[in-house]
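Here are a few notes to read alongside the model.

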Amino acid sequence: MSASVSVSPASETDKLGNRSDGWKVLTLENGVEISKRRSGSLHMFRSRWVLRSVSPQQFITVANAIDAAKQWDSELVEGRYIKDLEDNLSIIRLRFGDNSKPLFRKREFIVYERRETMEDGTLVVAVASLPKEIAAGLLPQQNNAIRGFLLQSGWVVEKLEDINSCIVTYVVQLDPAGWLPKWFVNRLNTKLVMIIEDLRKLVQTTAPH
């Protein structure tokens, strides 16, 4: 199981907002950079920003807390661990309910989450859907739920020289499944990255000062 998470330095961006590795900057607002790159028929979206007075471990603790996820993603109605396979590898169910917006309504994702710490202290969390057959064996699909497929997503949290600050990169690409056209799916990807602002506020609120 693996999911790739790409990071490229800002110096690789040209005057048009395009990166040498195919990423195109869409917006840069309040210190949060949103960019995208085409992958097959869908787009992959990436968000990058600097968190001051927050260590990498403080950020990951909040970002990976399933119980806190509803505070920074209002569409989520259930998030729970199904099982732990290893100390750093877990299976999770994410469910969106009847009252969610059309892009999320009645959709669920069965994903694995792998957590790694690099030698330089960088924290990497890779998340992606399990193969359909394995997911069905762990948790049979409910009749009224549409099981989406998270192609790849994840966090890369790099510490800065200021030990209590970090650079956070979030990447996501998914297929919600069902009747949604490709342009609708791309809009969904954009929304998923935009929730970063709520997460950032939550992290900075809970971090010790």
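**Notes on the predicted model**

1. Let me start with a loop. Ser-53 is found in the loop between β3 and α1. The model is a predicted one, and in it Ser-53 has a positive phi of about 60°, although this residue is not a glycine. Is Ser-53 buried, exposed or partly exposed? Its relative accessibility is 43%, so Ser-53 counts as partly exposed.

2. How do the two rings of Trp-49 and Phe-59 meet? Their centres are 6.0 Å apart and their planes stand at 75°, so this pair is edge-to-face. Trp-49 is buried, with a relative accessible area of 2%, and Phe-59 is buried too, at 0% relative accessibility.

3. A second pair joins two strands. The rings of Trp-155 and Tyr-170 have centres 4.4 Å apart and planes at 25°, so they are stacked; the cut-off for stacking is planes under 30 degrees apart. Trp-155 belongs to strand β9 (residues 149-159) and Tyr-170 to strand β10, so here the parts tied together are 15 residues apart in sequence. Both Trp-155 and Tyr-170 are buried.

4. Trp-49, Phe-59, Trp-155 and Tyr-170 make up one aromatic cluster. In total, the structure holds three aromatic pairs.

5. On to the nonpolar core. The largest one has 29 residues, and the members that touch the most others are Leu-51, Phe-59, Trp-155, Val-157 and Val-168.

6. With neighbours within four places in sequence left aside, the contacts of Leu-51 are Phe-59, Ser-165, Cys-166, Val-168, Arg-200, Val-203 and Gln-204. Two of these partners, Phe-59 and Val-168, are also among the core members that touch the most others.

7. Finally, a charge and a ring. The charged end of Arg-46 sits over the ring of Trp-23, at 4.1 Å from the ring centre.

Key. Residues are numbered from 1 along each chain as its sequence is written. This is a predicted model: local features need pLDDT of at least 70, side-chain atom pairs count only at pLDDT 80 or more; totals for chains, interfaces and linings use all residues. Side-chain values use heavy atoms; hydrogens and water are left out. A nonpolar core is a set of buried Ala, Val, Leu, Ile, Met, Phe, Trp, Tyr and Cys residues joined through side-chain atoms within 4.5 Å. Buried means under 20% relative accessible area, exposed over 50%, partly exposed in between (1.4 Å probe, protein chains only). Contact means heavy atoms within 4.5 Å. Rings of Phe, Tyr and Trp (its six-membered ring) pair if their centres lie within 6.5 Å; planes under 30 degrees apart count as stacked, over 60 as edge-to-face and the rest as tilted. Helices (H or I, at least four residues) and strands (E, at least two) are DSSP runs, numbered from the N terminus. A charge sits over a ring if NZ of Lys or CZ of Arg is within 6 Å of the ring centre and within 35 degrees of the ring normal.
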